[in-house]
Amino acid sequence: MPAPVAAHKTALSVGEVAKRCDIPVSTLHFYESRGLIKSWRNNSNHRRYSRHVLRRIAVIKVAQRTGIALTDIKQALSVLPEDGAPSAAQWQAMSQQWQTLLDKKIADLTLLQQQLDSCIGCGCLSLQDCPLRNPGDYLAAASSADAAE
Ligand code: FES
């Protein structure tokens with residue numbers, strides 16, 4: 001990727017980005033391999049990053065901490081300009097979108113916790129009766145569908 005002209009003077013090395021973001025260099029390479037961030041090569045063939053990558057990585061880290069999948073993070077970041085950090089309004093839009101995902105995860109985990117409570121001390125793991133083995137009683141739904149055919 002060619003370097004943005006304005007980015008040359010303030011470009012950061014991979015070590016500088018890793019240090020400022022408090023992440024290993026390998027994580028930077030991983031983010032880059034997944035298309036979450038981009039760099040370019042200088043004349044010495046060293047990776048260089050625009051300063052906006054710091055905010056972009058902050059968004060990635062916050063999203064990862066809340067359990068958002070990298071594919072969802074990438075999708076959200078893909079609508080942003082590549083040569084700039086997310087603005088406050090863009091971050092607000094992303095976080096609202098992820099709030100819905102988090103609400104669903106919390107509901108799913110709460111249900112799982114309740115189901116696990118009913119299994120403690122049981123150990124049957126019955127395909128018929130155990131809510132962990134048969135979540136949502138999918139076997140009953142499947143047999144109802146078979147009967148309707
Ligand atoms: S282990 Fe028996 S109901 Fe889940």
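User: By class, how many nonpolar residues does the lining of the largest pocket have?
Analyst: The model is predicted, with local features needing pLDDT of at least 70 and side-chain atom pairs 80 or more, while totals for chains, interfaces and linings use all residues. Residues are numbered from 1 along each chain as its sequence is written, and side-chain values use heavy atoms, without hydrogens or water. A pocket is an open set of points on a 1 Å grid over the protein atoms alone where a 1.4 Å probe fits, with protein on both sides within 12 Å along at least five of seven lines, and lining residues have an atom within 4 Å of a point. With Gly counted as polar, the lining of the largest pocket has five polar and four charged residues, and its nonpolar residues number six.

User: Which element gives the largest share of that lining?
Analyst: The largest pocket is lined by 15 residues, with G35, L36, K38, R56 and E82 nearest its centre. Two helices (DSSP runs of H or I, at least four residues), α3 (52–65) and α4 (70–78), each give two or more residues to this lining. The largest share, three residues, comes from α4.

User: Which residue of β3 is the bridge partner of L12?
Analyst: Strands (DSSP runs of E, at least two residues) pair if at least two bridges are found between them, and three of them form an open antiparallel sheet in the order β1-β3-β2. The edge strands, each pairing on one side only, are β1 (12–13) and β2 (40–41). Two bridges join β1 to β3, residues 47–49, in the antiparallel sense, and the β3 partner of L12 is Y49.
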